[in-house]
Each structure stands twice: as structure tokens, then as C-alpha cells.
Amino acid sequence: METSKLKRELSTRQLTMISLGSAIGTGLFLGSGLAIQTAGPSVLVSYAIGAFIVLLLMGCLAEMTVAHPTSGSFGTIAERYVHPLAGFLVRYSYWVANVLAIGVEVSAIAIYMRYWFPDVNGFVWVAVFGGLLIYVNARHVHTFGTTEYWLSFIKVTAIILFIVLGAATLFGQPGSPIESITTGDEGFFAFGFYGMWVTIFISLFSFLGTELVAVTAGEAKDPDRAVPKALRATVFRLTFFYLITIGIMLMLIPWQQAGIDQSPFVLVMQQFDVPGAAGILNFVILIAALSAMNAQLYASTRMMYSLAEACDAPRIFKKVSASGIPMPALLVSTGGIILAALLQVFMETSYPFLMGISMFGAIFTWFMVFVSHLFFRKKWTGRKLPVRMIGYPFLPLLGAGLLLSLMITTWFTDFNILLKFGIPWLVGLTVIYLVRERFRKAKDQSDDIEQAN
């Protein structure tokens, strides 16, 4: 083990698939049911607005990441252009969000495996798949990129097949399929503007992970070209997949049947009359969870590495192996797998609770990306960048305002755990930072006195 740098070996296609892989998980396969249940047919508007916010985010992130293609990404940028405290808060918040999300995914994997092996204890699958993905992440970064590429490829292929089968089924139905969405006793806005607005927050959960391209920039072969291209491709592909997939769901099944007890994909697959449809879908969801967990483990490892580089975490976490893997950072990030899995075993929690806990760090990070861009554009004096965010400063302000409004709204919903957890978390981190800085200054003054004597 030695202190060195990460290796730049991730291609554009790997970056795109990594971002898609981390974003296409339980948010689509299970979270879409909760979204439909909350908004009714207007869920399509919610996802469209969510996609718009992500588009603004990717525009800001692309410009800043090309300027600073590091593994610390938005944490490094917040530290440099806003304040060191901002970088400290962003890095730790994003790190804990990914560690918690890893636990959610690995616990879900154990549940999915019960379909084939009902008598095997879930901890066996936690150990098997957790160990497998730790091994993948401990190998060469190219191994991680290749594994994530193919896991994501399977998910994307499954969604495309779903869209093709759904479209074929709709063409065989009498009348206009769109009527099932726009008409009915409740109407398109079944739960009014409020239901549509709250569901934007749920839609953002589905888009979480798109920012991972920025984290991988520190290991991209050609960040100037690869990062902007991967970010654009990810946003447009995700928007297409989500809107078309949910639209087909709404046209094939009554939206009132959607919920979180059963994936709406299962309800639709039953209509296709595909042999072994339940087993096929279970396999796809298993792959989705593995892929998301793999990407989250990568992200949390690189963020801890970045914390150590900024001297905000013990120096050991910036040690990198000969193959370019920050092993101590990987190991401390995997500790959250066991912790989060145990919490899910011994605590009776609801899906909104888990969603809120895992979302705060990511949504706070997104908010800080917009804030950082406002400072970045004013202070940047380097080379002419190949990509620039349009509409400055109005569009970054719009993105920040929408995210802040949505976070405040969660206080009045089942997702209020986001603020109940998030506010004390930020206060606690701030206190730790200020105390640490005070001790650092006292130590520096003591050293100066000793040198003077």
C-alpha cells in the first residue's frame, strides 16, 4: 500500500453506464409505485419537472467538473469556491448517504434471493454479495467499470424490452390508451397540485446517482470530452426511460392499483402473459440492486479518499494500492454495509423512512452544486472551458430554489425524516468542524512559538 494517485482508465461509455446504473434501481422498480400512488396520472408532470432540475444540475456540474476533474468533485469545488466548511459538509453528507444507500440495497438483495431460496438466512446473501462487490471494487478500477457497464446493460435492456412489450400491448387495445390517463373520476391531477409537487421529491430519488459521473471524473481517460458527453447522455436517457416506462404503466393498469406493496412492473408483467415473468422480473430487480450498490460503494470510497486528501479525514484513507484503489477508504465505507443491514433487520421501518434517510445527503449535495456554481463562475480565471452552463445566474438560482422548496415541503409529508435527520446532522458536523479548526489554530500557534524560541 502506498500513497499515490488514482488511475485515469474509465471510458465515456463506462462513465455513462455507471451513472445510469446508479440511477436505475429501486427508485424505478419500486419507487415508481409510490410516486403513482401519491400523484395519480400527474406523476408524469412530476417526473418531467424532476428531470428538468437534474438537467440544470448536470449543466452546472459539467462546467465545474471539466475545470476540476477530481474524485472529490463537488466536495472539492465547494471547499475551493464557497468555504472549507461547505466542502466538509458536502463530502461527509454525500459519503454517509451512499453508505446508508448501500445498506438499503444489500438488505433488499437478501429479500430478492428468498424468491429462489426461501429457507436460506438473509445474512448469507448479505455476506456473499457484499463480499463479491467488495472484491470487484478492490480490484483494478477498470474491473469496476467493466462490471458496472454490464450490470447496467442488463437493466437498460430489460427496460427497453418492457417498453417494446408495453407498446405492442397498447396497440392491440381498442380506443385511445391516453384516455385512461387524462380521463376518469379523479382526473389527471387526481390529488391536485400538492400531490404533483410532493411527487417531484419522489422523482428526484429515482434520479439520484446521475451526479456519480462527476465523482468518476478523477479516473476518466479524457475528462474534457468524456464527462460532459456522459452527463448529457445520462440525463436524456433517464428522462426517456422514466417518462415512457411510467406512461406505459399508467395506460396498462389502473393507477389506483399502484403502490409500494408490489412493484407496478409485476402488475404490468402479469398482463404480458410471459412464462416465468415473475422470476425474470425478480432477476432484473436483483441486478438493479447489485448495480446500484456497486456504484454507491465506489462513490463512498472516492468521497472518503477525497476527505483524506483535504485533511478532513485520517491520512490513512488517502493511501492507494499499486493498482490505483484507495483500499482503507474502501474498507471503512464497507463497514456501513453491515451496520445498515443490521438496522434494517432490527428496526421496523417504512419505505418513506428509508428513502428520506438516504436522500438527505444527496439532495443537500445537489443544492450545494447550484450554490457552488454561483461562486465558481465569479471566481474562475483559468482556461476557456469546453462547456458552459447557460442562463447564469438565473437557471442555477432556479435549480437551488426548487430544491430548497422541495426540502422544506418534506416537513409536511411522510418524508419529514429528511429534515429531522438532516438538520441535526449538519449542525453536528458544523460543531465538529469548528472545534477541530480551533484545535488546529491552537496547535499552529504553539508550533510557531516553539520555532520562535
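Modeller: The largest nonpolar core has 132 residues, with Leu204 and Trp366 making the most contacts inside it. A nonpolar core here is a set of buried Ala, Val, Leu, Ile, Met, Phe, Trp, Tyr and Cys residues joined through side-chain atoms within 4.5 Å; buried means under 20% relative accessible area with a 1.4 Å probe, protein chains only. Helix 6 (residues 84–113) gives this core its largest share, 17 residues; helices are DSSP runs of H or I, at least four residues, numbered from the N terminus. This is a predicted model, in which local features need pLDDT of at least 70 and side-chain atom pairs count only at pLDDT 80 or more, while totals for chains, interfaces and linings use all residues. Residues are numbered from 1 along each chain as its sequence is written, and side-chain values use heavy atoms, with hydrogens and water left out.

Leaving aside residues up to four places away in sequence, Leu204 touches Gly50, Ile53, Val54, Met359, Ile363, Trp366, Leu403 and Leu406, a contact being heavy atoms within 4.5 Å.

A cavity is a set of points on a 1 Å grid over the protein atoms alone where a 1.4 Å probe fits but cannot get out, and lining residues have an atom within 4 Å of a point. Trp197, Val198, Phe201, Leu406, Thr409, Thr410, Thr413 and Phe415 line the largest cavity.

How values were computed
Buried < 20%, exposed > 50% of the residue type's maximum accessible area, 1.4 Å probe, protein only. Helix = DSSP H or I, 4+ residues; strand = E, 2+ residues; numbered from the N terminus. 1 Å grid on protein atoms, 1.4 Å probe; cavity = no way out; pocket = protein on both sides within 12 Å on 5 of 7 lines; lining within 4 Å.
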